[in-house]
Amino acid sequence: MLVQLIREILAEKPESQKIDVRGWVRTVRDMKNMVFVEVNDGSCLAGIQCTFDRGGAGSNFDAETEAALGALSTGAAVLITGQLIPSPASGQSVELAAQSLQIIGEAREYPGIPAYPLQKKRHSMEFLREIAHLRPRTNTFGAVLRIRSRMAYAIHQYFCDRGFQYIHTPIITAGDAEGAGSMFQVTTLDIDALAKGNTQQVDYAKDFFGTKTFLTVSGQLEAETCATALSRVYTFGPTFRAENSNTARHLAEFWMLEPEVAFFALKDNMALAEDFLKCMFKTALADCAEDLAFFNAHVEKGIIETLTQVVNARFVHISYTDAIAELEKAAAGGVAFEFKPQWGCDLQSEHEKFLTEKIAGGPVIVTDYPKDIKAFYMKLNDDGKTVRAMDVLVPRLGEIIGGSQREDNLEKLCKRMIDMGMNPDDYAWYLDLRRYGSVPHAGFGLGFERLIQYITGMANIRDVIPYPRAAGQIMRS
C-alpha cells in the first residue's frame, strides 16, 4: 500500500483522526513546552506543521520521543504520528497534534564533512548547482520538478488525444540531423592509446558500430520515417549538442519534443504549434496553481499574467522579410540593437523579444526564412531564396518552437544536400522516403527545458533540469 502523501493529508477534513506523517524536516522551533516541526515530502509546496505539546494533556511522550526531539535537526527524515486537527495558526487549515516521533534518517555533522547545507536561509542558484543532488529539497526546485513532471505528462496526453503515436527514436546515430556538426562522438576505441600512438587516421571499422557514431542532436529524421507510415507521430527524449556555449540558454544535454505529421503543410504546422502551446499553458495554470503562485511571488512577478495572455492571444503571423523590415525601421528610429538586423542574418534574442513585446504585443510566428540559415531538409519556396520554416516566439523569452514543412521532392532535396557540402549517399534511407510514396509533411521541435523556463520564470536553463550538463561542467551522478 502506498504511504499517504502530505498533499493528501492537507486535503483531509480534520476530525482528530490518527495520521502518520513521513517526510523531511524543514524547520524546528523549540519553545520550552512547545516544539513546532515543519515536515515536507515534496508532494506539494506546503509542508505540514507538527506540534509537540510538552505541557498539555497529550504530553505523555515516551523517553524515545523526548530523545528524538532533542536530536532533531533540519534535513532529517522522520515519521511523526498524531491527530489531525484544525490549525489555529494563519496560513494553514490543519496541523498534526503530534504524539510520537521517530527519526528515520539523521541529518547531522560528520567528522570532516560539513553540516546539512540547506538551512533555512536564501541560497544562490550558483551554490545550489554545486549540490544538485540536494537542491530538489528546496521550495524552488521542488516546484520546478513538479511542474516539469506535470508538463511531461501533459505532452503525452495532448498527442495521444489527437491520434499521434509515441516513437522512441535513436540516441546513438551515424548522421547529423541538423548538418551543423556540433555533436558528441560515441566510441569504444581506446582514446588514450590512440593519442600515445600518435595515430594519423583512426580506423573506425574497429569501433563498436564499425563506423563513426554520435549522440543525436534530433530525432526528427527518424520520426519522419514513422510519420510516412503512421501519419501522426511524436518523439520526446534526450538530445545532445556539443556547442561550447557557456550561457544561461544552453545545455549540452536536454529533452526535445518533436511531432511529425504526414499530409501537413506549413499553415497546418503553425496551427498545431499554437494549439499545443496554449494547451500546455492552460494545464500549467489549472494544475500547478500553487507552484506557479510561488514562482510569481519569488522568481518573476507577472508570469501568471503572461501565461494567461498567451492562452487568450491570437498568434501574429509575419514573414521573416517583413520582420526584418520592422526591425530595420525600429533601428532607424533609434532603437539600439546589439546585433544589426539585416536580411540574411538569423534573428537574435533581442530581435525576437522586440517583435513580440513591441511590435506584435504578443506571440508571433515568423515564417519563410532565408534558406542559407536553415537546415537542409526544409522545403524550398518558389522564390528559390527562402524555405517554409517557422519559429514561434513568445514574450519574455523569444523562440520557443522551431519547425518547418519538410522537402518532399527528391531532386530538390539532393541538390540542397550537395549545395551544403553533404553527401546524399550518407542519407540514402532518408531519401527513400522521397522515392517511395512521398507526401507533404511537416513538424516542429520544442526544447522541453525552454518550455519549463517560460512557465516558471527561471532565469537560467540549468535550473529547470535535475542535473545540468553544460560546457566544462558535469557532476558525477
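This is a predicted model: local features need pLDDT of at least 70, side-chain atom pairs count only at pLDDT 80 or more; totals for chains, interfaces and linings use all residues.
Local features here need pLDDT of at least 70 and side-chain atom pairs count only at pLDDT 80 or more, while totals for chains, interfaces and linings use all residues. Residues are numbered from 1 along each chain as its sequence is written, and side-chain values use heavy atoms, leaving out hydrogens and water. Helices (H or I, at least four residues) and strands (E, at least two) are DSSP runs, numbered from the N terminus; two strands pair if DSSP finds at least two bridges between them.

**Around β5**
- Strand β5 (residues 94-105) pairs with β3 (residues 48-53) in the parallel sense, over two bridges.
- Strand β4 (residues 77-86) runs antiparallel to β5, and ten bridges join them.
- Within β5, Glu 95 is the bridge partner of Ile 85.

**A three-stranded sheet**
- Next comes an open sheet of three strands in the order β7-β9-β8, with antiparallel pairing.
- β7 (172-173) and β8 (185-186) each have a single partner strand and stand at the edges, so one side of each has no neighbour in the sheet.
- Two bridges link β7 with β9 (residues 213-215) in the antiparallel sense, and Ile 172 has Leu 215 in β9 as its bridge partner.

- Ile 172 sits in strand β7 and is partly exposed, with a relative accessible area of 38% (buried means under 20%, exposed over 50%, partly exposed in between, with a 1.4 Å probe and protein chains only).
- Ile 171, Ile 172, Phe 208 and Phe 209 form a nonpolar patch on the surface, with about 400 Å² of accessible area together (such patches take residues with over 30% relative accessible area and no salt bridge, joining nonpolar side chains within 5 Å; a salt bridge is a side-chain nitrogen of Lys or Arg within 4 Å of a carboxyl oxygen of Asp or Glu; areas come from the Shrake-Rupley method with a 1.4 Å probe).

**Helix α13**
- Tyr 430, Leu 431, Leu 433 and Arg 434 are buried in helix α13 (residues 428-435).
- Seen down the axis of α13, these buried residues fall within an arc of 140°, so they line one face of the helix (the arc is that of the directions from the helix axis to the C-beta atoms).
- They pack against α6 (220-230), α12 (410-419) and β16 (441-447), where contact means heavy atoms within 4.5 Å.
- Just after α13, Gly 437 takes a positive phi of about 75°.

Methods: Patches are made of residues with over 30% relative accessible area and no salt bridge: like charges are joined within 9 Å, nonpolar side chains (Val, Leu, Ile, Met, Phe, Trp, Tyr) within 5 Å.
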